Amino acid sequence: MRISFLECTRCGEHLSADRALNVCPKDGGVLFVRYDLAKLKGKLRREDLAGRVASMWRYSEVLPDASPVTLGEGFTPMLPSREFAGVFIKDEGLNPTGSFKARGMSAAVTMAKHYGLTKLAAPSAGNAGGALAAYAAAAGIEAHIFMPKDVPLANRMECDYYGAHLTLVDGLISDCGRMVAERKDKEGWFDVSTLKEPFRVEGKKTMGYEVAEQLGWKLPQGIIYPTGGGVGMIGMWKAFDEMEELGWIGAERPKMITVQAAGCAPIVKAWDAGKSVSEMWTGAETFAAGLRVPKAYGDYLILDILKKSQGTAVAATDEEILAATRHWASVEGVFAAPEGAASLVAYEKLRASGFFRAEDTVVLFNTGSAYKYLDVIEAAEKKARPEPVAARNIGGIIGPY
Ligand SMILES: Cc1ncc(COP(=O)(O)O)c(C=O)c1O
Ligand SMILES: [Zn+2]
């Protein structure tokens, strides 16, 4: 749909979407895309979605009016858990490039192309870089990506093969972000960092539309979301408000749950202290690479959503995440990224504490595929148990024949 305007989430300023913008020029606030949903109400009904393309672009009326750069992202499976009745696993590992980052980058690159931008740059914990590289390749646009040097092998290789300009940094995503900020003007790069342009949220919000559509337009009691920069959580919350405006759902909302790794849990720390912004986490360390975000740009939005939804924030240790990864794989047949498996850890903790009851419908987000983390998971296994992995379930090597 035609964008009405961009709105600053801090000061409420309205800005034109006629040219590419990053954040609010006044206060650096995150910009949200606004459409004339009142005009759409009644014209677009939930039933109209039946039979549409099985990608996030099925919701085209609530996405920018531009020709999509698509690789088939979105409309991922909503799998009923085999272990817990009422629990669903939203399997984002099936997206192009193996993670939910595909949604945000499909939307961001679509608009970059629409605006005629030719050089994009982003810092990344890993998967966002891989997704940007793929969509930039599909759009014929240059991608300049900065990642910590110890990201999973798959992230480095995909950037290389997609033809991106990759810089590995001896540091964290926050250091990578600084490098993009320092160099972008001189190099003529447009910054597509998490929440520093308005369209990655637009792509990620489609997860909220899918949760509603796939659960028969009845929102669950809870959504557990592995939170780094928080774009998915922010996007889904925006989607719920939009769907209410369209008359597709009522005022009910799920409890939104942030799960973070214990080795980097700035949102959990801020939530526990009752703060509305987070502090930079020092010494961030976890094998769940996407959760190594020491300070989220949109922390004020994430903490506000946790509060408004009566949700909470939970930390999971690497040991718990590793055990959950194996458990999910062996019980559900879902080989999840460590970030996704952290959702299971959070669910079990929240059931044990009574926060969720057995009858609650809860959606656990598996945000990526374990196939992108094989080296990292194997290293974590070796650290956790000194006996070789082969001694566990693999019967050894026979041959040569
Ligand atoms: C697999 C995976 N899960 C979760 C996250 C965190 O995502 P967000 O920044 O949207 O909170 C990332 C970010 O890199 C990721 O790659
Ligand atoms: Zn502002």
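Of the 66 residues in the largest nonpolar core, Phe240 and Met243 touch the most other members. A nonpolar core is a set of buried Ala, Val, Leu, Ile, Met, Phe, Trp, Tyr and Cys residues joined through side-chain atoms within 4.5 Å; buried means under 20% relative accessible area, exposed over 50%, and partly exposed in between (1.4 Å probe, protein chains only). Helix H7 (residues 231-245) contributes the most to this core, with eight residues. Helices (H or I, at least four residues) and strands (E, at least two) are DSSP runs, numbered from the N terminus.

The model is predicted: local features need pLDDT of at least 70, side-chain atom pairs count only at pLDDT 80 or more, and totals for chains, interfaces and linings use all residues. Residues are numbered from 1 along each chain as its sequence is written, chains are lettered from A and ligands numbered from 1 in the order in which they are written, and side-chain values use heavy atoms, with hydrogens and water left out.

Ligand 1 is surrounded by 17 residues, and the closest are Tyr225, Gly228, Gly229, Gly230 and Thr367. Here a residue counts if one of its heavy atoms lies within 4 Å of the ligand.

| Residue atom | Ligand 1 atom | Distance |
|---|---|---|
| Gly228, backbone N or O | oxygen | 2.7 Å |
| Gly229, backbone N or O | oxygen | 2.7 Å |
| Thr367, side-chain N or O | nitrogen | 2.7 Å |

The protein covers 98% of the 390 Å² of accessible area that ligand 1 has on its own; accessible areas come from the Shrake-Rupley method with a 1.4 Å probe.

Methods: Polar contact = N/O pair within 3.5 Å; in protein donor to acceptor, adjacent residues only side chain to side chain.
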